[in-house]
Amino acid sequence: MNLQQYFPVLLFIVVATCIGFALLGAGRLLGPHRPYDEKLSQYECGFEAFGDSRMKFDVRYYLVAILFIMFDLEIAFLFPWAMANGTIGMVGFWTVLVFLAILTVGFIYEWKKGALDWE
């Protein structure tokens, strides 16, 4: 294994880290530092915070979020197929059609169960 091939990557990481720390240091040294109560207070939509910040969310929020992530990741599997569409032939085409059919059946099931309804 030739480690000299990785030298440009290592050099890039070192230079990027040095530039990042240099910019952070320059901002700390050259920037104004005048804290006051209003600046250091918590910000919540322009008005004073009220209620408990650890309030419970409705489970439907989490359900919709999980369904979005699930379907979004499944759709992300279509990008490699689209890039290799010309080389995989009919077997790849029918495989993706089966995948899309399963995805569609899952989507219809979730829709019929009312998981996507937001009241």
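Colleague: In what order do the elements of the protein run from the N terminus on?

Modeller: This is a predicted model, in which local features need pLDDT of at least 70, side-chain atom pairs count only at pLDDT 80 or more, and totals for chains, interfaces and linings use all residues. Residues are numbered from 1 along each chain as its sequence is written, and side-chain values use heavy atoms, with hydrogens and water left out. Helices (H or I, at least four residues) and strands (E, at least two) are DSSP runs, numbered from the N terminus. The protein has five helices and zero strands, and the order is α-α-α-α-α.

Colleague: Where in the protein is confidence lowest?

Modeller: Mean pLDDT (the predictor's confidence in each residue, from 0 to 100) is 83 for the protein, and 87% of residues reach 70 or more. Helix 1 (residues 7-30) has the highest confidence, at 96. The lowest, at a mean of 78, is in helix 2 (residues 37-40).

Colleague: Are helix 3 and helix 5 roughly parallel or roughly antiparallel?

Modeller: Axes are lines fitted to C-alpha atoms, for helices over the stretch in contact, with angles from 0 to 180 degrees between N-to-C directions. Those of helix 3 (residues 59-76) and helix 5 (residues 85-113) come within 11 Å and cross at roughly 165°. Angles under 35 degrees count as roughly parallel, over 145 as roughly antiparallel, 65 to 115 as roughly perpendicular and the rest as oblique. The two helices are therefore roughly antiparallel.

Colleague: Which residues in helix 5 does helix 3 meet?

Modeller: Contact means heavy atoms within 4.5 Å. From helix 3 come Leu67, Phe71, Glu74 and Ile75. In helix 5 they meet Phe99, Leu103, Gly106, Phe107 and Glu110.
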